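Please read this report with the sequence and the three-dimensional structure side by side.

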Amino acid sequence: MSGTQALPSHRWRPSGRKARAILWQGLALAVLAGGGAWLAINTMSNLEERRIGSGFGFLERPASIPIAETLIAYAPGDANLHAVAVGLLNTLLVTVLGIVLATVLGTVVGVARLSRNWPLARVTGLYIELARNVPITVHLLLWYALLQGLPAARSAISLGGTAFLSNRGLVLPAVGMPGGWLPLLAAVGVAAGLAFALHRLAARRQRWSGRRPLVWPWAAGLLLGLPACALAVQGAWPTVTLPQLKGFNFAGGTTISPELTALTLGLVVYFAAFIAEIVRGGILAVSPGQWEAGVALGLDRRRILRLVVIPQALRLIIPATTNQYLNLTKSSSLAIIIGYPDLVTVINSIITDTGQAIECIGLIMAAFLAVSVSISLLMNWFNSRMKLVER
Amino acid sequence: MWGRTLIISGLLAAGLAITGTPAQAGPVFDRVKAQNNLRCGVGGSIPTFSRLDDKGEWSGLDVDYCRAVAAAVLGDPKRVSFVPLTLQQRFTALQSGEVDLLARDSVVNLTRDASLGVISVAANFHTGAGFIVRRDSKVTTIDDLKGATFCISQGNTALQNLADTMKSRGADYKVVQLERFQDTFRAFLSGRCDAAIAGAADLAGAQVTMAPNPADFVVLEQLMSNDPYSLYVARGDWEWFTVVRWVHNALVEAENRGINQANVREIAASSTDVTVRRMLGSDDNLGGLLGVQKDWVVKIVESVGNYGEIYDRHFGAKSLVKMPRGLNNVAAKGGLLYSPPFN
Amino acid sequence: MTKTLVLPAPPPTSLGQGMLVRLRAACFDSAAGTVTTVMVAVLVAALGAWLADWAVLRAVWSTPPGDAALCRAPGAGACWAVVAEKHRFLLFATYPYEEQWRPALACIVLVVLCVASGFRRSWTRWLAARWLMVGWLAGLTTIAVLMWGGVLGLPHVSQERWGGLPVTLLLAVFGIAIAFPLGVLLALGRRAEDLPVIRWLCVGYIELIRGVPLVSMLFMASFLLPLFLPSGLTVDKLVRALVAFSMYASAYLAEVVRGGLQSVPRGQHEAAMALGLGYWRATVLVILPQALRRVIPPLVNTFISLFKDTSLVLVIGVFDLLNAGKAAIVDPVWQAFGFEMFLAVSAIFFVFCWSMSTYSRRLEDGFGNPRGR
């Protein structure tokens, strides 16, 4: 009825146009409101009829479910809200692990795919085709079936006597710190900050004088020295406890469960293939002239890549990769099919417990929207920074 | 301007579609009769209660209950659509009317009866939350399971039993929760866990039908709870509730009186016992009070047998499980099952 | 890593390049290249040898029915016997055994229709397009008759018994067929700048759906849809999965279509207006054909990912291909051979997705020049 933005509005049937627009939008709103009200009324009467309570009060009530893996302390009897938080943290853990590892693997594979080396290019190409043409659900089930096929705890595969691989997961030595990790972490943080500042300083000096002062020995010294000082001051060393088979399970180690492993592996292997294609596309899209220009300036290959090609490729890579990050985040909800206690799995259990399906599914959606929006904002910020660097 | 006409007619059609949907409001009972079909929510993964075989045939105790209800209400045990539901979906499916009846080895508890919009109809199986372990693990009591890892399905009430039991013993433990019982049990078989947890009867069924070598496993005698399983219906249709409850009573009473699949027709025709004749609809029309056919009990027993026959087929002598009747026997033989009088 | 990074190799120019020269350029161009080649070769050889040993040499291809003893024997490799024994269940799940030729035929019809629609001539030539539409109508009727039966002497098979590959294909095809027009409308709505209300509704819908996982949409369809509808009105599980899936797909398709709409120069619209066409006629006859043509490759890519996404319906218990595979290994005999079963499932998905992506790549090459015909 109405024109699109493509048309200067006053030139096309000036009279009644606005009225029509208002009419249509009013109608759309009315239909929407009507439909919404209809659904709401149905829902209310259904809830009433079936005596299902509503509201978020259940979040305060104690949860009865144990959760297998928790990043924060949790025990059955804590509030449902607490259980949700545990699930959310697990989702975030998998998401962050997945994004970091998939990015690393994807970049390596994407670059290798472009290699002049024929075997390398072919092998990586084969991997990409195999990985991305099979649904992520199948990836997860395959990995989980594979991990279930590992030997039982009693006959675990020993990795040099310090780590053990079995169908209970990978048991690594536990590293503890008497007196807490805080001083050490703080030292590392300060050292990293100082090293970054040095780098910036050097960059500024370079822009000024064309000469870049030697920074890395200082930075390395800082990064090693400060934490060492912190350890010395604290007077304690981190303790390492080796896992030992005791009774049913390994005692004294940190266990990475097969569920977490399968989920992370599945997500990484699947999404790395997509990221690799994006990286490849991004690098291919930088015109060969840029390489030639770099060579003409007397830069070596690494510098051309780092200073000329990658910044330009990133412009294309970042938005596409952001999409993959969002997909990965959403796909982490498939934890439910292999039993990793992520947000969806935990909330699903709470639904059984309390019957509050509407609230719970709303909660899942809201949480994922929040995570998605955060990732988008972060990547947009990163993208805009990259754009500045490019100039 | 045909574009506008198109939209308007589209909107009108949509509006009509919304308002004109045949809202078959009304009790579940009417709907079942109107559609001449019973939609029965079952588990679908535990062989003794309900399972679909490769050829698409359903079998199990819960399945027989669905068939019994269909036989009573519709006169034909085949008029059932089985809807496999996960533990999480089951009550929502019942609340929303996706299924008419839930026969899914579901434990009765207060929360469910009081706040989920559903109501338990009749306890048709008595068991408790138990453990299955590997025989060579030498575990015989719950106390031996300190520090163990347990496999359990999401949404199983035994989860709560486990939390309470282990807490009272001050024991450490780990859980692996999978969505379906079949996945849970497979994880246990592969050695992911030291024990799997579910109703003891479910575990016994799984042991013989899902484990490659049943003798390698043992279900602990010690239980964490005493749980009656019940049929569930949605709140609100009390006629329907009553029918389902009395189908259960009929199955129990038939066993109590020695009426079985083979002899039910004959007894209905020739019995001189007034109570039996009334129950089988030979004289009185009790079925009419419930809103079903006069010979409803005959139809039930004819199609699935009495409670004892159902038990024997899936748990007892005629099954692989060979579990003693125990509490699941009629009261006269020391069990917990009895029926109120058919008067 | 950086050492091996180069520009795409220029096409071989000199005529005299022999095999050896090319081989050298491809594998041993430098010390690093040689090392890489050797490493890759060793890796491939080791993996390939292991794979050949496990999947072929030591594999168990068939066993006596219902007996997996051969697969359990020490030293046995892949147990393909599980796939051999359960292939009917995997493909058609609980569809009545004697009638399984019907879903098989339905799948073939559906695939043939999709392939026929893939030929460019089918949508550039009016006559061909008309025949295609007739073909679809006839094909869908055939499929409905085959799957449901109840006519022509075919016994009726209720929807609960459907499963396996036909469910996956039907979900994908119908999901996309429903989602596509919806996606076009959403994309148009999102671009309607002088209708701010409609525009924001469309933006809200698209962004909301794209922000949440498909699993939560399926949960909504499974748990909540029944609560939203008037009591007594219930919808089949498969249909509910389809509704959720179409809603999900429409948001993603809308974004692809929007990209196409943006690429149509505004002059096209002005020209259409100058011809006296109204908004809808201008859109349908002038703008959309151009916009859609430009986004065919990304559309096909979206179809591929949606096709893969159909496998998520297993979380609400719909018996698609993957769920049938899962159910097939409940059998105690085959309990331990899930890996082989899932490999079979991935092989089936791979064949479909890989054909589609190869097709899409062809199109991309063909469409490199938008005017290229």
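## Strands β7 and β10 of chain B

Strand β7 (residues 129-134) of chain B pairs with strand β10 (residues 195-199) of chain B in the antiparallel sense, over five bridges, where two strands are said to pair if DSSP finds at least two bridges between them, and where helices (H or I, at least four residues) and strands (E, at least two) are DSSP runs, numbered from the N terminus. Within this pairing, Phe131(B) stands opposite Ile197(B) in β10(B).

The model is a predicted one, in which local features need pLDDT of at least 70 and side-chain atom pairs count only at pLDDT 80 or more, while totals for chains, interfaces and linings use all residues. Residues are numbered from 1 along each chain as its sequence is written, and chains are lettered from A and ligands numbered from 1 in the order in which they are written.

## The sheet around β7 and β10

An open sheet of five strands in chain B has the order β9-β8-β10-β7-β11, and its pairing is mixed. At the edges stand β9 and β11 (217-219) of chain B, each with a single partner strand, so one side of each is left without a neighbour in the sheet. On average, neighbouring strands of this sheet are turned by 30° against each other, direction ignored; for such angles, axes are lines fitted to C-alpha atoms, for helices over the stretch in contact, and angles run from 0 to 180 degrees between N-to-C directions.

Strand β8 (residues 149-153) of chain B and β9(B) pair in the parallel sense over five bridges, and Cys151(B) has Val176(B) in β9(B) as its bridge partner.

Strand β9 (residues 174-178) of chain B is mostly covered, with four of its five residues buried; a residue is buried if 20 or more other C-beta atoms lie within 10 Å of its own, exposed if 12 or fewer, and partly exposed in between, with C-beta atoms placed from the backbone.

The contact between chains B and A takes 33 residues from chain B and 33 residues from chain A. On the side of chain B that touches chain A, α1 (2-19), α4 (89-95), α6 and β9 of chain B each supply at least two residues, and β9(B) gives the most, with five residues.

## A second sheet in chain B

Another open sheet of five strands in chain B has the order β4-β1-β5-β12-β6, again with mixed pairing. Its edge strands are β4 and β6 (118-127) of chain B, each of which pairs on one side only, and the twist averages 25° from one strand to the next.

Strand β1 (residues 38-42) of chain B is mostly covered, five of its five residues being buried. In a regular strand the side chains alternate between the two faces of the sheet. In β1(B), Leu38(B), Cys40(B) and Val42(B) point one way and Arg39(B) and Gly41(B) the other way, and all are buried. β1(B) pairs in the parallel sense with strand β4 (residues 80-84) of chain B over five bridges, and also in the parallel sense with strand β5 (residues 101-107) of chain B over two bridges. Helix α3 (residues 61-74) of chain B lies across β1, β4, β5, β6 and β12 of chain B, running at about 165° to β1(B).

## Chain C

The secondary structure of chain C comes to 16 helices and zero strands, and buried residues make up 41% of its 373 residues. Along its principal axes, the C-alpha trace of chain C spans about 75 × 70 × 40 Å.

Note on methods. Contact = placed C-beta atoms within 7 Å.
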